[in-house]
Amino acid sequence: PPPVEAAHIWDFPAATPILVAVGAIVVAQILAYFIFQFRPRLRKTKIVKSGSGNLLLPQEVVKADKAAVATALCELVAAEAKHKILTNGKFVFGVAGGSCLDALAALPKTDPGEIDWSKATLVYVNHKCVDPNDEKATHFKAMKKFGKALGVKAVAPHPHPKSGSDGSEEAAFYQKTLKEAGVGPSVDLVILGLGGDGHVGSLHPNSTAVASKQLGIIASPKVGEPASITMSMQMLNTSGRVLVVATGADKKVAVAKALSTQKDPPGTFPAQSLLMPQFILDIAAAP
């Protein structure tokens, strides 16, 4: 009988496993994009910086209400802290005043005891030029609400700000104090609120502070009020990750404007100048 021909065997190149792996990663990224793009209330997705690098993350995370937003924020901060402490041996996070402090009050209860918060350093995105130990001061409130319970190191602003100061001396003091504490010019994570006029930190519309090109802590004077010190927009944008927290129907218009692709002239709506923020919103604030 005639000899039986051997079945033809395809000779795949040695690089095929690598190509398959790369293809799988690309497909996974595309699927992740469409999942977030069309999943209700998580419809905007872009590259957002996180502790483990640039990842495909939702630009908006929308929760049911203010309490759920606080829980989500605390979980994100705890996860970032754990990652940074395990990989770098330290974690530096900056916090703005106002509603951000209330949202972080549950942070001590979020940690199951796996995070060594003694390796974390708390700094301030902005702070009025007042005694940091005054009951109305951001430093005092932050330590009372969560700082002391966590046992973090906090870098406090100038202990004796001058009355009527424009904030320049206090800003220079805080910049120097941060450097001595081994912080800067960027931090791992910043947590911001959002003003109805688009201000973040103490970077107010059409102010000298929002126009500053300096990388670091700058002065933010305001007529009729004590001056503030604030991280410059450049410092915010060099941070490892930027979270913006907004809740309530009164923030809906501001959130929509911050997320809009139609940009105002530079400095007129400061939140639009944030490069890669991630917004944590409740349904009432979501556009």
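**Reading ring pairs and a helix**

Modeller: Let's start inside: Phe91 and Phe93 are both buried. Bear in mind that this is a predicted model.

Colleague: Okay, how many aromatic pairs does a search of the whole structure find?

Modeller: Two, going by the search of the whole structure. In one of them, the ring centres of Phe91 and Phe93 sit 5.2 Å apart with the planes at 10 degrees, so that pair is stacked. As a general idea, you describe a pair of aromatic rings by the distance of the centres and the angle of the planes. The cut-off for calling a pair stacked is planes under 30 degrees apart.

Colleague: And which residues do the ring pairs link into a cluster?

Modeller: Phe91, Phe93 and Trp117.

Colleague: Let's move on to H6. Which of its residues are buried?

Modeller: The general idea comes first: an α-helix has 3.6 residues a turn, so residues three or four places apart point the same way. In H6, the buried ones are Glu170, Ala171, Tyr174, Thr177 and Leu178. They span an arc of only 130 degrees around the axis, which puts them on the same side of H6.

Colleague: What covers those buried residues of H6?

Modeller: The cover includes strands E5 (120-124), E9 (217-220) and E10 (228-231). On the other side of H6, you'll find Lys176, Lys179 and Glu180 exposed.

Colleague: How far does H6 reach from its first C-alpha to its last?

Modeller: H6 runs over residues 168-180, so 13 residues, and reaches 19 Å, close to the 18 Å expected at 1.5 Å a residue.

Key
Residues numbered from 1 in each chain as written. Predicted model: local features only at pLDDT ≥ 70, side-chain atom pairs only at ≥ 80, totals over all residues. Heavy atoms only, no water. Helix = DSSP H or I, 4+ residues; strand = E, 2+ residues; numbered from the N terminus. Buried < 20%, exposed > 50% of the residue type's maximum accessible area, 1.4 Å probe, protein only. Arc of directions from axis to C-beta. Contact = heavy atoms within 4.5 Å. Phe/Tyr/Trp six-rings, centres within 6.5 Å; stacked < 30°, edge-to-face > 60°.
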